[in-house]
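Subject: Structure handover

Hello,

Please find the structure below. My notes on it follow, for you to read alongside the coordinates.

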Amino acid sequence: MFREAAEVIVIAQQGSASLIQRKLKLGYNRAGRIIDQLEAAGIVGPFEGSKARQVLIPDMASLQQLLDNESP
């Protein structure tokens with residue numbers, strides 16, 4: 001689910017729990033936890049109130065490289 005959420009965020013270039021909720025059909029709490037995991041992984045920036053988080057990964061190729069490097 002983490003990888004799918006990361007792909008949705010990078011494609012949309014908008015990091016928000018509500019986007020993950022809509023695209024992956026999740027509840028708010030699960031989407032919020034995934035957003036926190038994406039922040040810890042360096043994919044999205046920190047919480048900025050009601051604004052969407054900044055997406056730190058510019059494209060799918062960069063995301064793929066990051067995720068492949070994270071895997072053991």
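First, the basis of the notes. This is a predicted model, in which local features need pLDDT of at least 70 and side-chain atom pairs count only at pLDDT 80 or more, while totals for chains, interfaces and linings use all residues. Residues are numbered from 1 along each chain as its sequence is written, and side-chain values use heavy atoms, with hydrogens and water left out.

Confidence

The mean pLDDT of the chain (the predictor's confidence in each residue, from 0 to 100) is 92, and 97% of the residues score at least 70. By element, the mean is highest for α3, at 95, and lowest for α4, at 89.

Salt bridges

The structure has 3 salt bridges, a salt bridge being a side-chain nitrogen of Lys or Arg within 4 Å of a carboxyl oxygen of Asp or Glu. As background, side chains of opposite charge can pair when their charged atoms come close.

One of them involves E48, whose side chain meets that of K51 at 3.3 Å, N to O. The E48 and K51 side chains are also joined by a polar contact of 3.3 Å. A polar contact is a pair of N or O atoms within 3.5 Å; within protein, one must be able to donate a hydrogen and the other to accept it, and residues adjacent in sequence count only if both atoms are side-chain atoms. E48 is partly exposed, with a relative accessible area of 32%, and K51 is exposed at 55%. The terms are set as follows: buried is under 20% relative accessible area, exposed over 50%, and partly exposed in between (1.4 Å probe, protein chains only).

R53 forms a salt bridge with D36, with the closest N and O atoms 3.7 Å apart. R53 lies in the loop between α3 (28-40) and α4 (60-70) and D36 in helix α3, so this pair ties together parts that are 17 residues apart in sequence. R53 also forms a salt bridge with E39, at 2.6 Å from N to O. That pair again links distant parts of the chain, with R53 in the loop between α3 and α4 and E39 in helix α3, 14 residues apart.

D36 is partly exposed at 43%, and E39 is partly exposed at 32%.

Surroundings of R53

A polar atom of the R53 side chain lies 3.2 Å from the backbone oxygen of G45. Apart from its neighbours within four places in sequence, R53 is in contact (heavy atoms within 4.5 Å) with Q14, G15, I35, D36, E39, V44, G45, P46 and F47.

Helix packing

Two packed helices are described by the angle between their axes and the distance between the axes. Helix α1 (residues 2-12) packs with α3 at an angle of about 75 degrees, their axes being 10 Å apart. Axes are lines fitted to C-alpha atoms, for helices over the stretch in contact, and angles run from 0 to 180 degrees between N-to-C directions. α1 and α3 are therefore roughly perpendicular to each other (65 to 115 degrees; under 35 is roughly parallel, over 145 roughly antiparallel and the rest oblique). F2, A5, A6 and I9 of α1 make the contact with I34, I35, Q37 and L38 of α3.

The buried residues in α1 are A5, A6, V8, I9 and V10. They pack against α2, α3 and α4.

Positive phi values

Q13 follows α1 and has a positive phi, near 50 degrees. Q13 is in the loop between α1 and α2 (17-24) and is partly exposed at 39% relative accessibility.

K25, a residue other than glycine, also has a positive phi, near 55 degrees. K25 lies in the loop between α2 and α3 and is exposed, with 73% relative accessibility.

Regards

Methods
Helix = DSSP H or I, 4+ residues; strand = E, 2+ residues; numbered from the N terminus.
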